[in-house]
Every structure is written in C-alpha cells, then in structure tokens.
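Here are my notes on the model, as promised. Have a look at the structure first, then go through the points below.

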Amino acid sequence: MNYTPNPLRETAAPPQPLRVLLVEDSDLDAGLLLRELERAGFAPDWQRVATAADLQAALAGEPWEVVLSDYSMPGFTGFDALEIVKASSQDLPFILISGTVGEETAVSAMKAGAHDYLLKDQLARLGGAVKRELRDAEVRRARHRAEAAARAAEAETRHQLKLVEAARNTLLRVVEDHQHTEASLWAERNLLRTLVDHLPVCVYVKDKAARKTLVNAMEARFLGVASEAEAVGTDDAAFYPADQAEAMAAIDRRILESGQPELDREEFLTRPDGEPAWVLSSKVPLRDANGKVTGLLGISVDITARKLAEATMRRRLACEHAAADCMSLMVQTTDPAECFPRVLALLRTAVGISRSYIFRNEESPEAGWCMTYSYEDVAEGIAPQLPNPRLQHAPYAEVAPSLLPVLQARQPFARLVQELSDPERALLTAQGVQSVLILPIFCGTRFWGFIGFDDCVTARHWDTDDIKLLQVVADGIGVTLHRQEAEAQLRLQSSALEAAANAIVITDCNGVIQWANPAFTTFTGYTPAEALGRQPGELLKSGQHDDTFYHAMWDTILAGQIWQGEIINRRKDGSLYTEELTITPLKDPSGAITHFIAVKQDVTQRKALEEQFRQSHKMEAIGQLAGGVAHDFNNMLAVIMGNASLVQMGLSPEDQQHALQEISRAGERASNLTRQLLTFSRRQVLQARPLDLNDIVSGMVKMLHRIIGEDITLQTKLLKDGAPVYADPGMIEQVLLNLSVNARDAMLNGGELAISLARVHYEPSASLQPLIQPGEFIRLSVRDTGCGIAPEHLPKIFDPFYTTKDVGKGTGLGLATVHGIVKQHQGWVEVDTHPGTGTTFHVYLPRLADPRQLQAADQEATHVRGGNEKILLVEDEAAVRTLTTRVLKRYGYQVFEAANGLEAISIWQDQHGEVDLLLTDIVMPEGMSGRQLADQLRALNPALQIIYTSGYPGEVAGRGLELREGVNFLKKPFAPLSLAKTVRASLDAVAEAATP
C-alpha cells in the first residue's frame, strides 16, 4: 500500500520559556550563548549586564531563572558576580563561562558556590547544563518547601502542646484548690466550663467505668455528635472500631487502677466519620478529697496534619534522593537502556507505588503513532505487564486515544482510573490499577515516549510537587537520550569529516584557519599544525590568478553568499594543482558572519583528462577548418602582396594611404585567424579579462560560416548596449564553436543556425541552480532547426564520451567541454529541445558588475606611456627586428639590436651591463636560445627584466618557463600597443620594487 505521512510526525514541541541574566561585556559572545539556548529548545527572555551596579539592579528588579556569567570583564570578574548573586539570597543557578579559565580557577569557582563552568569552545554543553541546573534548582525548592511545611507543622504542634500543658495545669490547680462553698464551687465550675469549651484541643472526663461525664466542644466535633450532651454517658466503643475501643479501654483501666498518668502518647485512630487520624493524647487520674481515684481527665491534640507533613517530607526527601540517584546514573551511563531498570526501581520505591514503566514510541505507516512497553519494575505481589502482547506496538488511537494529545503538549496525565473513559479504563482496570500518572519523555523536540506510575492499592490523588519532581526525572531521561544521540551523531560527523576524501577547512571571519581534516594534508602537504593560525593564501597561493579573482571571491563570501569555483593552488613541495572549491559562510543568530567552511576537491587529474578531451575536439575542428584557412590565407596574402606592389610602383599620397590601410587590415585578419587556430590547438588555464560578447560573436562569424557549410543559414542578434562579461575569450570562442558544430551535425539536410545575446535577471525561484547567486546575467543562445534530442538522452548529454552520433562521427567531448568551461566561469547551461523541431542551448554568464571596466581596459590599451630606458632587442628575423625597433624608439626607448645571442652578449659588454630590459625571441639560431641568453645575463644582473617572444604557443616555446602573456611573454604577431604596454609594465614593476 502507499505510505501516507502521519500528520503527527515530527511534531515540534514549543520552546521552553527561560528568563536568563547574562553577565557579559561582549554582544557577540552574548549572541552565541543565546543561540545555543535556542538550539537547546529554550525561548530566552534575557538581559545583559556588564557592571556590578547593573547586576544588582537587575536582580532587584526582575525574577530570573539562571545566571550565565563571563569569567573576565573590564573591572569586574565572574567571582564578583557570583558574590552579588549569593548576597541577593536568591537560589539562582550560576554558570561561569570563559575562554581562558583553567582547572584550578574552575575548582575555586565551584567551591565559591558556582553551579557549573563551561569553556567558550564547548558551548554545545550549555543547553544540557542549563536544563540540569534548572532541574536541580526545582528539586532544591521542592525540598525547601517540604522542610518549611514540616517546620510550620512542628511549630503549630508545639504551640498546641503548650496550650494543652497550660490547660492541664490550670485544671489540676482548679481541682486541687477546689473550695467547698457553694458559691465558689459554682463560679469555679462556670470558669472551668468556659475554659474547657474554648480550648483548641479535645478535653473529656471519664468516670470509674470509663464512661464520659464531660466533653468539650472540640471533642464533640471529633466524635461527630451534634452537642456535648450526646456524648455524656457513652464509652469509646460507641464511636470507634472494636479493636481500637478495646485498646483505649485498656489504657483507661490501667490509669484508673494504678493512679499513674500517661502523657504524650501518639495514637492512630479511625474517626467516627471513617477518616484516619493521628492524636497526641495525655490522661491523668482524678481524685476526691481523700485521694481516692474517681475518674480520669483526657486531653487529645489532633496531629494528623503534622504526621501527614512529616510523611510527605519523608516521601519528598526519598523522592529527591531517588531523583538525584537517577540523574547521577543517567549522567554517568554511556547506554541509557542499561540504567532504565534501576531508575524505575528507585522511583517506584521512593514514591511508594505498585508499578513503574517506560514506553517508547514507534511509527507505523498503517497505524500512525504506536507505543511499546519496554521497561518495568513492580512491587511484590503485583502482576508484571511487560509480557502483555496488547502493549507491544499498540496504536495510541486504539488503546489510549486521550493520552497522545496530552503528552505531545508536554503535560502530565494524572488520573483516577474510575474517571477515565474506555478504552483506557478497561485496559487499566484489567491490570488492577486504581490511579495512574504518565509523564512525557522528549528527546530534543521529538516525542520519544513516556514514563508511567501505577497505584494498584489506593485511588491516589497525585501531589503537584511529586509530579514536578518526577517530571524532572522524565526530562533527565530525555536529555540523556538526546545527549547519547547527539554524541553518536557528533562521533559520526567527526569520523566522516576526518575520513572525507575532500579537504575540509574551517576559518574564522578573517580567513584564519582554525581546523583542517587529514585530506587537507594529503592535498597540500601541510599538516594541520602547520596550517592552524594561518590564512590559506599564505600557504597555497600560486600566482596563477590576478587580484580581481580573489577580490571577487571575498566580495561574494563577505556578502554572506556561497562561492563556488575552480582555483589553482601550490602544494608545500611547490607543485601546482587544481581544486574545486566551495566556500560557505557561517552566521550567528544576528546574521553576522563568524566562520567560513571550505570544501576542496583535487581535480588536477580530471582537468588534465578534460583538457585532453578538449584538445582532441579542438583538433577535430581544426581539421575541418584547414581547407578554408588555406583559402583565406591566400586571399589575405594576395591583398598584402598586391597593395605592396602598388606602393612600390609609386602612387598618389591618397592612393598610397588607401593601399597601406588594406595591407594593415589584411594583416590583422591573418593575425586573428592565426590566434584562433593557436587558441583552439593549445592547452591553457583560465585567463579571464573584461570583454564584450558582441565582439566574440562578431569575430567568430566568418569562421563559423566555413564550418557549418553553405546549406545552413547563420543569423546573429547582438545587444545594442553591449554584453560585458569577465571571461577568457579563447574559451568562450571554444564554447561557441562546439555548440555550432553540434548544431551543424543535427541539420544534415540544411537549416538555420541562430546565435543571439540577451540580458536576463536571475532569481532563486526561477532556476534549479542552487549555488548560483541572484543577479544580472548575459545569455548566449545557440538555436538550430535540426532533429532535436530524445528525452532519454538529455540526462547524459554533458557526460564525457557520451554521443548519439555514429561510430567515427563524434567523440562525445563537445558538450562536456562546454559544460566545464561555463562552470569554470561561474555560469550554467540550459537546454530547450523538441525532437524533430530543433534544439536551443542557453549559456548563462555573470554580467560584468561595472561595464566601465571595458572602457577602462580600452583606454589603458590605447594610452601607453613611453620612456628612455635601455632595451636590448634580440631577434633573428630582420624584418621583425626592424619593426620592433621602430615601435620602441617611437615611444622614446634606447634600443640596441642583436640578431643572435653572441651579438647580444657583445652589446651587453659594450654597455657595461647597463641594460634595463632584455626583449628576446625564445627560438634562435647560432646555438644559443633566448632562454640560455636570459639565464646568462640575469646571472650578471639579477634585477634584469626579461620579456620573451615567440610565434609558438607559450607552453611549446618555453617548456619549463612560467610564461604569462602580456606580463613576460608576447606571442607573435603582436600589435605595437601590446608591445608598448608589456614593456612599460615590466619596467614599472622594477621601479615599484625599488621604492622603499
């Protein structure tokens, strides 16, 4: 059958109100304490004080339940606060909290009266400590109330005994001083009667036959008669059970026969109304003038209230001791189930009931909440119920429908069985129960089960203080269970973190490492001890990313958002590796960031494999481009050579200028084509910069025409106000190329390829990309009218090597490459496809936050400052050497030309080493490469700046060198502006380094 979730599942208990006084000078630390209290299920109503005067005022003004005090504050200590709290005469739990307190200080605090102490790095214990101290405080208050009641009862008894003693002395004195005159006798009798009738004790006189001859009003009420006269002439048998009456008559006979009084005898009686009573009785013989015993005088004080108070106090003390023992057992145990039988035995004996037990809850898809009888302790002669099959997996709705809502509301269920309705009454009556008390057990916020107490002897009316005390134990069971689960969960989490294959690092809000797991050592070579107290950038920064990259990362996480991306780091041994990094901010209850958690995965090998995949796909595309490239190069060379010939033939200045412009444009087109080919064929890391996607799309149009063929129409739609992004142009060109090739292959019979740009605003609810932050994005859409993608293929289209093309027609690498590049740029890809009608790929890239960066980059590129420094130019190609010299001299530099390394060394010696920068080709004839020349000259002048040039990609021409284009490497052909900018930046770096 289908499972329907029970609506009562995961019922969250309401938070427990708590009035807490914080003695703390730090708002941040106070916030941490309040957060831990809320996690523990409290709803704190709090006040923070930081001085002695404020603490005294707070204690005098409001009632508090607990005091949490910092150990050290400016001009005020936790010990000072403790003395002020003790002087207030309020029995408040006082917990000392500090980040620096040592063992000796903690012991001193406990001796001084603190109830507990915690370190600030162990605040997870705060909730449990507060609950324990609240329970202990309640136990102390209950004991104090019981002791106060006992003292009051004892004082009242002493007062009544004094009255009895005074009355007895008065009566004896009156009897002894009795006057024989009729007038005096009448007056004395009247006085005696008035006195006796108004005494707050029972007074009676019996004759020799033990019959009553006089009773006062109190005795008449005790006997249950309407007037004193009704009791005169009766004996005790008329009012008390036969056994009690005979015992009382035996005492009377003993006094009448011996003439000796019997004083202050405690007697248990069953009153005429059936109620039990305790009396303190004194009886003395009465004599005539000759000393002969004629009767006896009895005085009784009803001490039932005192005896009940004493019994209550004894039971309360026994319950308190039992509760304390139970709490001690549960605190010390590692397995609560082992101590449950002992807990039940202690409580049953202390409370004096017939049966104690624990039920735990279960949940059934069919029956909902169910109870299972799990533990039990019974008194001698009471039938156990633990084997009762009806109480195993029993649905509340069937056996106790009224019990569940009471317990889920955290309320006690105290009832006389005769007051219950079926089925509860029938179930308990069958077990011989007359009175029942059931208390809920909550494990955190989860209703775990309940503890119950059955009285099979009397219809007990449960005392409120007893219920509170037993609820303390029930809460203690819940705390113990929650602690066990939390400790198990912490052990599991700790083990998982320690064993995780991913490196996990926790830093403070300033990025200082506070914890790292063993995988961090495996990744980086740094041990946790070496990493603690340092920032990741100090250890791992590789120099492969510019400041913009790190600023963007910090801007994201300091804004409270998750940052996810790839980063190249350096291990302890100096080797580079690539990792996928996710940084998550951790906030306190006020929303302030307190820590960052970084999860790292080493993807170096995967990136290398992906790069191989990408390289293979690029080469496949280059093969398709070869024919068109040769054709285009011939056309460009024809333009260059033809116009050059015209210039040599002699033209008018106007025609000559036009011919030179045509040569320049053809050269620029050839350079762009070469750059695209090298970009597609070489390996490279992300080299992002501000760029306009309009330029990327426009620059790729001609190449795409050659790739897709004449039977496919190409349309483009650009953004009028620009499409600024921060991206690597070569990689974005690769994305556009791969998507276009896929589109071409989907349109075997021709069709339409549309490339468009749009500006969109992303909201969290509008996408299934949970790690992408809201904001502005540029959407690059590539739409075809081809065959579409079948639904069963969609989940795997971005997997490497997955392809739906025929064998030999595709590698399955194109879309995997697209996905990897876009993800590396903090974006994502969406697919909209319908079999038979076409497919659209939407690539989302974050829009440049400040488009003015594009203008700044353009201005920087067109306005380059020159200089007069000495530059040694080494280039074996005479035409390139001449052109480069002209450009540098145009910017004011002193240029010394050399065709090879030997000439360069000769010039260096002529200039006595006074050269500011070496600009050298890497690959040169005459047996000396540019690198060998640079090493030789730098050995003579370590401060010499070096810029390498080559027509080969950097990773081919300069193996083993760390080349960065635009920094220490220029790829041929290079534009004059690029040359001037790179030279100026290199020389300025020297000047900045020399500035103190």
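1. Why does I597 count as partly exposed? Its relative accessibility is 31%, and partly exposed is the class between buried (under 20% relative accessible area) and exposed (over 50%), with a 1.4 Å probe and protein chains only as cover. I597 sits in strand β23, residues 593–602. Helices (H or I, at least four residues) and strands (E, at least two) are DSSP runs, numbered from the N terminus.

2. Before going further, some ground rules. This is a predicted model, where local features need pLDDT of at least 70 and side-chain atom pairs count only at pLDDT 80 or more, while totals for chains, interfaces and linings use all residues. Residues are numbered from 1 along each chain as its sequence is written, and side-chain values use heavy atoms, with hydrogens and water left out.

3. Back to I597: together with L586 and V599 it makes a nonpolar surface patch of about 190 Å². Patches here take residues with over 30% relative accessible area and no salt bridge, joining like charges within 9 Å and nonpolar side chains (Val, Leu, Ile, Met, Phe, Trp, Tyr) within 5 Å.

4. Now the overall picture. The protein has 30 helices and 35 strands, and buried residues make up 44% of its 996 residues. The accessible surface comes to about 49,700 Å², with 54% of that belonging to carbon and sulfur atoms; areas are from the Shrake-Rupley method with a 1.4 Å probe, and for residues only the protein chains shown count as cover. Of the contacts (heavy atoms within 4.5 Å) with a separation of 6 or more, 61% are between residues 24 or more positions apart.

5. Next, salt bridges, meaning a side-chain nitrogen of Lys or Arg within 4 Å of a carboxyl oxygen of Asp or Glu. The count is 35. In one of them, K206 pairs with D236 at 2.7 Å, N to O. K206 is in strand β8 (residues 202–207) and D236 in the loop between α8 (228–231) and α9 (242–258), so this pair ties together parts 30 residues apart in sequence. K206 also pairs with D252, at 2.6 Å. Since D252 lies in helix α9 and K206 in strand β8, that link joins parts 46 residues apart in sequence. K206 and D236 are both buried, and D252 is buried too.

6. D302 and R271 form another salt bridge, at 3.6 Å, N to O. D302 is in strand β12 (residues 293–302) and R271 in the loop between β10 (262–270) and β11 (276–287), so parts 31 residues apart in sequence are tied together. D302 is partly exposed at 36% relative accessible area, and R271 is partly exposed at 21%. Elsewhere, salt bridges with shared partners join K206, K212, D236, D252 and K283 into one network.

7. Last one: is K720 buried or exposed? K720 is exposed, with a relative accessible area of 90%, and its place is the loop between β25 (712–717) and β26 (724–727). From K720 to A758 is 38 residues in sequence and 9.9 Å in space, C-alpha to C-alpha.
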